[in-house]
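Colleague: I'd like to learn how to read a structure like this one. Could you take me through it feature by feature?

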Amino acid sequence: MPLNLWVSLVKDYSEGPDALCHVVAFCNATVYSTCMYTLATISLERYIAVFYPLQYSSLMTRRRTLLLIAFAWCFPPCLLSPIPFPDGIIEVHFSTASLVCNPSYSTNVGYSLSLTCFIFFPCSIVMTYANLRVWCAAKRQRLKLRKYSGARRSRHNVASRVLVPVMAAYYTCWTPCIAAMIYNALSGSHVPEWIEFVVVWLPTSNGFLNCIFYFWINRSFRRKFHLVLQRSALALCPKLAKTLGCCNTSKTQFVSGIMDNNNSVHERSSSVSSTCTLLSLT
């Protein structure tokens with residue numbers, strides 16, 4: 001975002017792309033690609049935590065988790081390495097509609113289509129398969145609980161309230177961008193300016209929407225977020241925290257005990273999303 005704002009303010013629209021524009025386009029594409037790989041990694045970790053809970057510690061070791069994180073952050077820059085070079089295999093143009101520097105995908109059709117094959121489609125397949133399996137398992141579990149609980153109050157469908165909005169937001173934010181990219185690569189022409197503005201900036205809202213879904217829908221996320229805020233307030237400004245009445249000493253010790261006791265949970269689970277999904281299935 002800062003790079004895009006800087007370029008949009010200092011860039012002369014009459015000039016062609018320069019070295020800075022190539023760097024900004026590379027950074028934008030890297031961030032977008034890393035977001036997709038990160039979402040796919042979280043979905044894979046959630047799938048393993050739900051369907052292989054007893055083997056989770058041996059399957060998702062600390063070393064493998066770090067390797068997955070490193071892959072999500074290092075593989076996209078390797079794929080996008082030709083973009084930052086002005087004399088590379090693909091050109092870059094400054095879009096007056098979206099006010100950002102974008103690669104001209106029509107200048108290298110093969111490379112542009114290969115990006116979709118290595119980034120968007122694999123991540124979408126992993127996310128769709130993993131989340132669909134988790135959602136089906138949660139649905140079967142809810143039917144079993146409803147069958148054996150009789151007249152008891154039915155449990156909230158947490159899996160549907162979280163997984164469905166997350167997947168809907170993912171495809172809503174990313175599909176138009178990839179469709180415009182493929183159209184540009186194959187036809188050699190650009191989409192209308194207002195569509196270009198939407199498809200360029202829509203993916204940036206995906207992470208923000210996920211925060212809203214996880215925070216407002218899932219009580220466990222809100223509770224953990226409040227605990228983190230309390231510990232941060234006590235660590236940074238204990239006098240102000242006591243003045244505001246955030247928590248007293250006994251509560252602080254209780255929160256500290258909870259966090260310390262959860263260390264073993266964090267060793268077995270690399271994302272809070274898996275724990276919340278498991279709680280919804282049990």
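Colleague: Which residues does Thr116 touch, leaving out those up to four places away in sequence?

Modeller: Thr116 touches Phe121, Pro122, Ile178, Met181 and Ile182. Keep in mind that this is a predicted model. Thr116 itself lies in helix 5.

Colleague: Is Thr116 buried or exposed?

Modeller: The cut-off for buried is under 20% relative accessible area. Thr116 has 3%, so it counts as buried.

Colleague: And what lies 2.5 Å from a polar atom of the Thr116 side chain?

Modeller: That's the backbone oxygen of Leu113.

Colleague: How do I read a nonpolar core?

Modeller: Start with the general idea: in soluble globular proteins, nonpolar side chains tend to be buried together. Here, the largest nonpolar core has 31 residues, and Met36, Leu80, Ile83, Leu115, Tyr170 and Trp174 touch the most other members. The elements giving two or more residues to this core are helix 2, helix 4 (62-79), strand 1, helix 5 (109-149) and helix 6 (158-187). Helix 2 gives the most, with 9 residues.

Colleague: What does Met36 touch, not counting residues up to four places away in sequence?

Modeller: Met36 touches Ile119, Phe120, Cys123, Tyr170 and Trp174. Tyr170 and Trp174 are also on that list of residues touching the most other core members.

Colleague: Now the strands. How many bridges join strand 1 to strand 2?

Modeller: First, a general point: in a regular strand the side chains alternate between the two faces of the sheet. In this model, 5 bridges join strand 1 (residues 91-95) to strand 2, and the two run antiparallel.

Colleague: Which residue takes a positive phi in the hairpin of strand 1 and strand 2?

Modeller: Leu99 does, near 60 degrees, and the hairpin has 4 residues between the strands.

Colleague: Why is strand 2 described as largely enclosed by the rest of the structure?

Modeller: Because 5 of the 5 residues of strand 2 (residues 100-104) are buried.

Notes
Residues are numbered from 1 along each chain as its sequence is written. This is a predicted model: local features need pLDDT of at least 70, side-chain atom pairs count only at pLDDT 80 or more; totals for chains, interfaces and linings use all residues. Side-chain values use heavy atoms; hydrogens and water are left out. Buried means under 20% relative accessible area, exposed over 50%, partly exposed in between (1.4 Å probe, protein chains only). Two strands pair if DSSP finds at least two bridges between them. A nonpolar core is a set of buried Ala, Val, Leu, Ile, Met, Phe, Trp, Tyr and Cys residues joined through side-chain atoms within 4.5 Å. Contact means heavy atoms within 4.5 Å. A polar contact is a pair of N or O atoms within 3.5 Å; within protein, one must be able to donate a hydrogen and the other to accept it, and residues adjacent in sequence count only if both atoms are side-chain atoms.
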